[in-house]
Amino acid sequence: MIKLNNDVEIPEIGLGVYKVESSDMERVIKTAYETGYRAIDTAWFYKNEKSLGQALKNLNINREELFITTKLWNDFQGYDKTIESFNESLENLQLSYLDMYLIHWPCPEDELFIETYKALEKLYYDGKIKAIGVCNFKEHHLETLLEHTDVVPAVNQVEFHPIFNQADLQSYCEGKGIKVMAWSPLMRGGELLENPVLTKIANKYNKSVAQVIIKWHIQQGRLVIPKSQNDNRIKENFNVFDFKLSQSDLEEIDGLNKDERQFRDPDDVKIGIM
Ligand SMILES: NC(=O)c1ccc[n+]([C@@H]2O[C@H](COP(=O)([O-])OP(=O)(O)OC[C@H]3O[C@@H](n4cnc5c(N)ncnc54)[C@H](OP(=O)(O)O)[C@@H]3O)[C@@H](O)[C@H]2O)c1
């Protein structure tokens, strides 16, 4: 477990459920829970909050065991719409509070994210959310946010993998007490998992490339939320606590960086357009 800037604890590894079909959700969540996952990352945009809520309910466990994160979609930015959308997400998830609520994209054109974040602060002060934060905020978005709001975000969830290594943003965030959470930590699988440098390191530890990448994130202080809907890969991605990468392995993985985003630049994502 890792302590956030308000002393709330969050597991290092969570399960991302983007693109997990509703029909698969119950099995996926059951496997994840049995494997040891306690944190789940969804979003209003993923259209699976309802099936996730039902799957969590079916686990029949104490709510306090879980760390559930969802995100406010771009179209609902603004103070009142944020409160409304939060309530909808909570109802979808069949929960009475959220562990973490994040602004999905800054949509910076009119700095509406300031009003949006003030709504998150209100929900946080009211005890409906344990930790609040943002996603896809660059340094300049965070500078604006910090200047106009009171609660320092607990987390900034951003694209982060060996080919797009945002170490500078991570250093900036850490300086402000903001934890970086890596989305697409495996660069969505595929080609990266065949990279020869990563394969060589993986063979050394008798681990898979995915496990090596997940460990690289954890050892460098990032929270990580790999997505899988495959039972074996859900287990594989969590089985990373029995080895440790050396400093030279970490540096070799850092050396793979090409500063190449695989997805949208946050400054180009606008309300109503995705
Ligand atoms: N805030 C944001 O803007 C944002 C954006 C994107 C994603 N996210 C969050 O981050 C989570 C993770 O990111 P992501 O889903 O984009 O990508 P990812 O976790 O990097 O990769 C997921 C892909 O890799 C495959 N995979 C997973 N484990 C594997 C393994 N051990 N070996 C081989 N292939 C494996 C999965 O297939 P199988 O399912 O078939 O295993 C899936 O196709 C999302 O689910 C979501 O919660 C947030």
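**Reading contacts, burial and packing**

Analyst: Let us begin with the contacts of one residue. Setting aside residues up to four places away in sequence, T31 touches D231, I234 and K235. The model is a predicted one.

User: Where is T31 found, and is T31 buried or exposed?

Analyst: T31 is found in helix 1, which covers residues 22-35. Burial is read from relative accessibility, and buried means under 20%. T31 has a relative accessibility of 10%, and therefore counts as buried.

User: How do helix 7 and helix 10 pack?

Analyst: One reads the angle and the distance between the axes. Helix 7 (residues 196-205) and helix 10 (residues 247-254) pack at about 160°, and their axes are 10 Å apart. An angle over 145 degrees counts as roughly antiparallel, and therefore helix 7 and helix 10 are roughly antiparallel to each other. Their crossing is left-handed.

User: Which residues make this contact?

Analyst: Helix 7 contributes V197, L198, K200, I201, K204 and Y205, and helix 10 contributes D249, E252 and I253. Sorted by class, the contact of helix 7 with helix 10 has five nonpolar residues, four charged residues and no polar ones.

User: Which residues of helix 2 are buried, and what do they pack against?

Analyst: In helix 2 (residues 49-59), the buried residues are E49, S51, L52, G53, A55, L56 and L59. These buried residues pack against helix 1, helix 3 (79-93), strand 4 (39-41) and strand 5 (67-72). After helix 2 comes N60, which has a positive phi, near 60°.

User: What does UniProt list for residues 19-257?

Analyst: A record is read separately from the coordinates. In an unreviewed entry, UniProt lists residues 19-257 as "domain: NADP-dependent oxidoreductase". In the model, this span is 46% helix and 14% strand, and its end C-alpha atoms lie 26 Å apart.

How values were computed. Residues are numbered from 1 along each chain as its sequence is written. This is a predicted model: local features need pLDDT of at least 70, side-chain atom pairs count only at pLDDT 80 or more; totals for chains, interfaces and linings use all residues. Side-chain values use heavy atoms; hydrogens and water are left out. Axes are lines fitted to C-alpha atoms, for helices over the stretch in contact, and angles run from 0 to 180 degrees between N-to-C directions. Helices (H or I, at least four residues) and strands (E, at least two) are DSSP runs, numbered from the N terminus. Angles under 35 degrees count as roughly parallel, over 145 as roughly antiparallel, 65 to 115 as roughly perpendicular and the rest as oblique. A crossing is left-handed if the near helix is turned anticlockwise from the far one by less than a right angle, and right-handed if clockwise. Contact means heavy atoms within 4.5 Å. Ala, Val, Leu, Ile, Met, Phe, Trp, Tyr, Cys and Pro count as nonpolar, Asp, Glu, Lys and Arg as charged, and the others, Gly among them, as polar. Buried means under 20% relative accessible area, exposed over 50%, partly exposed in between (1.4 Å probe, protein chains only). UniProt positions are given in the numbering used here, feature names are shortened, and annotations may be inferred rather than shown by experiment.
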